[in-house]
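Have a look at the sequence and the fold, then read on.

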Amino acid sequence: MVTVNDILAYMETVASRYMQYDWDNNGLLCGRRAKEVKKILIALDPFEEVCREAKNVGADLLLTHHPLIFSAPKAINDESDMGRAIMLLIQNDIAAVNAHTNLDCAAGGVNDVLAAKLGLENVEIVNPVNGIGLMRCGYAKEQSLENFLSAVQENLHCDGLRYTDGGKPVRKVAVG
């Protein structure tokens, strides 16, 4: 039997909580460590609609990148999106776990994957502390901003981008 605690222990080997930033909130934010896990729904954000989807698919665990709770709420009730989401998870015995800045910082984590998907070379950690850091910086083949953004859209499967054209070709790129 796999439990929420087993999932947390595994996640600690991939993106240890010691790597999270002080302002962040990671780990088990709702539910029971002893809860048996047969089905997991993975999402970027734990929005109310996502929590409802977790219920509808019969998930035991909602695993997200962004936290369900960033700072202590003043109330948990049906008058806020977060309150409704938390209530829905509790009422349906669904645990909520996340890995945010610790997964951003981890070797092979979010920012390393972004750098790789963008084809960056000579990637380094920006402002590392004890060998870890949130952002990555690397080099792309020099190209026009238009060409680079086209590749970003294709490689990241995104429909739109916001940017400012500095009038120079793209060569050095930071991701975070």
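Helix α6 covers residues 145-156, twelve residues in total. From first C-alpha to last it reaches 16 Å, close to the 16 Å expected at 1.5 Å a residue (the expected span is 1.5 Å times one less than the number of residues). Helices here are DSSP runs of H or I with at least four residues, strands are runs of E with at least two, and both are numbered from the N terminus. Keep in mind that this is a predicted model, where local features need pLDDT of at least 70, side-chain atom pairs count only at pLDDT 80 or more, and totals for chains, interfaces and linings use all residues. Residues are numbered from 1 along each chain as its sequence is written, and side-chain values use heavy atoms, with hydrogens and water left out.

Which residues of α6 are buried? They are Leu 145, Phe 148, Leu 149 and Val 152. (Buried means under 20% relative accessible area, exposed means over 50%, and partly exposed is in between, with a 1.4 Å probe and protein chains only.) Seen down the axis of α6, these buried residues fall within an arc of 95 degrees, so they line one face of the helix; the arc is that of the directions from the helix axis to the C-beta atoms. On the other side of α6, Glu 146 and Glu 154 are exposed. The buried residues pack against β6 (136-143) and β7 (170-175), with contact meaning heavy atoms within 4.5 Å.

Two strands count as paired if DSSP finds at least two bridges between them; β5 and β6 pair in the antiparallel sense over three bridges. To find your way along that pairing, look for Glu 121, which stands opposite Tyr 139 in β6.

His 157 is found in the loop between α6 and β7 and counts as exposed at 67% relative accessibility.

Asn 130 also has a positive phi, near 55 degrees, in a residue other than glycine. Asn 130 lies in the loop between β5 and β6. Buried or exposed? Asn 130 is exposed, with a relative accessible area of 79%.

Cys 105 sits in helix α4 (residues 101-105) and is buried, with a relative accessible area of 2%. Leaving aside neighbours within four places in sequence, Cys 105 is in contact with Met 19, Tyr 21, Gly 133, Leu 134 and Arg 136. The C-alpha atoms of Cys 105 and Tyr 21 are separated by 9.3 Å, although the two are 84 residues apart along the chain.

Thr 64 lies in strand β3 (residues 61-64) and is buried too, at 7% relative accessible area. With neighbours within four places left aside, the contacts of Thr 64 include Ala 43, Pro 46, Val 97 and Asn 98.

## Aromatic rings

The structure holds two aromatic pairs. (Rings of Phe, Tyr and Trp, the last by its six-membered ring, pair if their centres lie within 6.5 Å; planes under 30 degrees apart count as stacked, over 60 as edge-to-face and the rest as tilted.) Tyr 21 and Trp 23 make a tilted pair, 6.0 Å centre to centre with 50 degrees between the planes. Tyr 21 is partly exposed at 30% relative accessible area, and Trp 23 is partly exposed at 49%. Ring pairs link Tyr 21, Trp 23 and Phe 70 into a cluster.

## The whole protein

Stepping back, the protein has six helices and seven strands. Buried residues make up 39% of its 176 residues.
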